[in-house]
Amino acid sequence: MARFVRFLILVSFCSLIANLAFGDEPAASIMFPLSPIRPSDVNGVSRDENQSSTITVEEAVDLINLLPATKELRAKGMDVKWDVQAVPTMNNRDYYFFWIYNATAQKARDIGSISVGNYAINKHTADVRVWQVSNDVFHGDDGVLVTTNELERLQEELRKKHGINVPLVQQYRTEHLANKIIPRDLAQSAVRLPITERSTNTAAISCWKSSEHPISRLGRSPVVSSSAGYRAYAEVKATAFTPKYQETYTGPLCENTSRLFLAGPGDAEFKLAYSQSQDFSDGNSLKLVDWSPDGMHLLMERTSWKYESEGAYTDLVLFSLSSGGVTAPDLSKILESRFGKDCGSENSVIGFTPEGNVVILVAPLEDTYYNEGGTSCVKQKTLLALDAKRALQDIAQVLPSDFKPRHYGQFPKRQASRR
């Protein structure tokens, strides 16, 4: 549960974002000083007479050299470099995309960003735009035109050299930086994928299973009967989403809904009794543990986690037939009273004592890395009984290690999953 990893849908674009936002050193193969390179080396495009109306990447670098930000840093003795990339989601047909960075600051490992800025050079007009790496570019934000007297003189020379006249400038100046413009009201749209896998397991349902491609799954437990004649089953649905526009989508790729269904003595149909959705936690599950000795309380093990993060937390939920509500004690606070504050543990819900107290097993953390660095203060496996008379808010007793809880509910030996 703790190792759920969300599928990264913006791989190529996010690599550029990482460079810009965090100042990571670019790969050696794409680090270049401010000096000309062969045009055929960029974007896999070879220059020939059929493309003579567009400026070359070396001419684009000449424009980059004249940017005020570049000149200012070089005047201070800084080493300025650039990285030109073909970003799959951007309009590489009509633009060269540059990231300019302060190599001197990078070498000195200065705190803060080494980024000087992002610039796009229009291959057809020699226009220079400064733009931000964000979703706004996919909604038509094409950045601000950079204009200086020096730039304008060089741009006019380049246009004359390549036969770029006023109509061509007007035609290509409006070309967008992104491959396509996405309406803002559709930027977060996604399709719910139908359920393609079912099981009787409800404890660890996720959209990912031995694959980076999410699918929707449904877990439905066997029916468990109580001594009072009630029946129950749990259902956990993990719904996968396919974004309509991967470039702008920031919503969930998977959301879980866990539900408890009950039927009373003589009832033919099960009814929804309890539900927990993504509002509780986008990753969540319920597992039926047992009915209480009097058959009027249903004990469930609950696990919650956040997709895109590490770590999961397991506690308990106790459903009462008389009230129709649940008791969900703050297990972490209860354990603090015995093991200390900020203490991590692996928890599992075992069952009931004959007196109706709830039994939990507390064990040391197996892997603190996947539990957000939590400290495991529990030194050995310990069985605790939570006091039913105090709404499970206190520890009634520490049970011997050889304690064996009995089942009070009737569990089928074998039952096909409900479809």
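Biologist: Which backbone oxygen does the side chain of N284 reach?

Modeller: The side chain of N284 reaches the backbone oxygen of S281, at 2.7 Å. Please note that this is a predicted model, in which local features need pLDDT of at least 70 and side-chain atom pairs count only at pLDDT 80 or more, while totals for chains, interfaces and linings use all residues. Residues are numbered from 1 along each chain as its sequence is written, and side-chain values use heavy atoms, without hydrogens and water.

Biologist: With which side chain does N284 make a polar contact?

Modeller: With that of Q276, at 3.5 Å; a polar contact is a pair of N or O atoms within 3.5 Å, where within protein one must be able to donate a hydrogen and the other to accept it, and residues adjacent in sequence count only if both atoms are side-chain atoms.

Biologist: Is N284 buried or exposed?

Modeller: N284 is buried, with a relative accessible area of 0% (buried means under 20%, exposed over 50%, with a 1.4 Å probe and protein chains only).

Biologist: In which strand does N284 lie?

Modeller: N284 lies in β14; strands are DSSP runs of E, at least two residues long, numbered from the N terminus.

Biologist: How many bridges join β14 to β15?

Modeller: Eight bridges join β14 to β15 (residues 297–305), and the two run antiparallel. Strands pair if DSSP finds at least two bridges between them. S285 stands opposite T303 in β15.

Biologist: What is the strand order of the open sheet?

Modeller: The order is β14-β15-β16-β17, with antiparallel pairing. β14 (283–291) and β17 (326–327) each have a single partner strand, so one side of each lacks a neighbour in the sheet.

Terms used: Helices (H or I, at least four residues) and strands (E, at least two) are DSSP runs, numbered from the N terminus.
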